[in-house]
Amino acid sequence: MRPRDARPEGDLEGTVSRWRLAIALPLGGGLALALVAAIAARRGPSIDLAAATAEAIPSSGVEHPITAVLLQFRGYDTLLEIAVLLAAALVALALREEPAAAAPRSRAPTAPAPAVVRGSDEHDLIHPGTSDRAGARAIETPLLATLTRALHPALLLLAIYLLWAGATRPGGAFQAGAVLAALGVLRRVSGVRPWAALLDRWQHAALLVGFAVFLGLAAGMLLLDRPLLGWPSASAGALILAIEAALTVSIAANLVGLFASAPDGRDAAAHGADRS
Amino acid sequence: MTLLFDVILGLGLLLAAGGALWSRSLFRAVVLFVVFGLLVALAWVRLEAPDVALAEAAIGAGLTGALLFDAVGHLRRTRRDPPDGAA
Amino acid sequence: MSPALWYALVGALLVAVAFAAFAAHTHVVRRLLAFNVMGTGSFLILVGLAQHERGPDPVPQALVLTGIVVAVASTALALVVFRRWFAATGRVALPEDDTP
């Protein structure tokens, strides 16, 4: 017997036991008091970071202070951030279901995901797609499919605009990457995936390119007798744009990879059946 | 006027977070978490951080919401549709 | 009170509420929700306190931007691991929390 059958159904939603609540509520109340007291007793910062940033902007190669902080003054944080993202995506890809363990389904990545409708789930809109090794979940509605198709050029354009705008106004690699990732998730959810074969082939390169370009350029500065991440002011703008373009691709690829490598419900059910 | 807006938005943040954390239904909790993400994006605008607001709206509300809905759907599907039909 | 300080206070309360939820729930997805709300609360404190007296400050804003992306990556990774765990055991809580 599977363990979940022995438990009341409501437990999949999570119930809170009385004694846990009795411990948690005083803890939360105490933390609230401590934090509010700490904020009330704060002292002003000794360094005026905003003024220091504004002073250094002209030498940074970009005009927008956030982009300057992210890729110039505190580029180290961003370098480590894309490394963390890459590590998370690699772990998720390593953990995804083996194709053999999943239900027998076509592995051809070129198929535009005609969903397999099993007899038992007539109430369920979500079916495992056939398009993808990680077990794509396609919601089959004409509205979503049309919308996804129509949104492709719009979201691509928006991402490129955000990337370009990052130099002078709000925008940049993070927002552009998030928009591209949203497009990727939409492709997975709707099963409408133009150029799927091409993108799948380049998936690993896309995961790596942000970290590789960033680290390569950062270390390349050492060869020029400059500090790590010390862009020469003359070409800083171009370097930052190149890094941001690579970061955009990688942020999107890593986030979509993380989304897509979550095991499918059908696979989970199959596993449960194997074990019982 | 903006003070009133700030107060309402702050209380709305706390309410949405309370619902996301303590509501009995997991699905409702995730819906309220997405609402919370959108309200936080508004708070970032009020804090004069448009970059963070953009990222929060796209990532905090959109992407995290999609991930969580996917996971909750996975839980529900597994419960509703047992593989061997015996349970 | 400046708006920045008000949002920092809201952030402090969010951290406290989420901390209580984190301690009370054993369901992994609910704990992830609490983790995310706690993170957002700390972002609000970080930016709110920094901007209370001096107005917009790009440095904490950039840190928060990085933090949001790392938070979604860790949430996604945790959900992948959780779903593998759920597929293997059918449980929604971790063994050390799974006491009746």
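Predicted model: local features only at pLDDT ≥ 70, side-chain atom pairs only at ≥ 80, totals over all residues.
Contact here means heavy atoms within 4.5 Å.

Residues are numbered from 1 along each chain as its sequence is written, chains are lettered from A and ligands numbered from 1 in the order in which they are written, and side-chain values use heavy atoms, with hydrogens and water left out.

Chain B, then. Among its contacts with a separation of 6 or more, 56% are between residues 24 or more positions apart. Chain B has three helices and zero strands, in the order α-α-α. Of the 87 residues in chain B, 52% are buried. Buried means under 20% relative accessible area, exposed means over 50%, and partly exposed is in between, with a 1.4 Å probe and protein chains only. The accessible surface of chain B is about 3,600 Å², and carbon and sulfur atoms hold 70% of that. Such areas come from the Shrake-Rupley method with a 1.4 Å probe, and for residues only the protein chains shown count as cover.

Now chain A. It has 10 helices and two strands, and from the N terminus the elements run α-α-α-α-β-β-α-α-α-α-α-α. Of its 276 residues, 45% are buried. For contacts with a separation of 6 or more, the share from residues 24 or more positions apart is 68% in chain A. Its accessible surface comes to about 13,500 Å², with 68% belonging to carbon and sulfur atoms.

One local spot in chain A. Asp200(A) sits in helix α7, residues 196–201, and Arg193(A) is in the loop between α6 and α7. Their side chains are joined by a polar contact of 3.3 Å. A polar contact is a pair of N or O atoms within 3.5 Å; within protein, one must be able to donate a hydrogen and the other to accept it, and residues adjacent in sequence count only if both atoms are side-chain atoms. Asp200(A) is buried at 18% relative accessible area, and Arg193(A) is buried at 10%. Arg193(A) also lies 9.5 Å from Ala145(A), C-alpha to C-alpha, across 48 residues of sequence.

Next, salt bridges. How many does a search of the whole structure find? Six, over all chains. The rule asks for a side-chain nitrogen of Lys or Arg within 4 Å of a carboxyl oxygen of Asp or Glu. Side chains of opposite charge can pair when their charged atoms come close.

Within chain B, Asp6(B) and Arg46(B) form a salt bridge at 2.7 Å, N to O. Asp6(B) is in helix α1 (residues 2–22) and Arg46(B) in helix α2 (residues 26–46), so the pair ties together parts 40 residues apart in sequence. Asp6(B) is buried at 2%, whereas Arg46(B) is partly exposed at 24%.

Within chain A, Asp77(A) and Arg74(A) meet at 2.7 Å, N to O. Asp77(A) is partly exposed at 22%, and Arg74(A) is partly exposed at 40%.

Glu13(A) is buried at 12%, and Arg76(B) is partly exposed at 28%.

Last, chain A against chain C. Here 57 residues of chain A are in contact with 49 residues of chain C. About 4,500 Å² is buried between them, 71% of it from carbon and sulfur atoms. Buried area is the accessible area, with a 1.4 Å probe, that two parts lose on being put together, summed over both. In chain A, Arg20(A), Ile39(A) and Arg42(A) lose the most area to chain C, together 13% of what that side buries.

The count between these two chains is one salt bridge: Arg54(C) with Asp48(A), the closest N and O atoms being 3.7 Å apart. On the side of chain A that touches chain C, α1(A) gives the most, with 11 residues.

Note on methods. Helix = DSSP H or I, 4+ residues; strand = E, 2+ residues; numbered from the N terminus.
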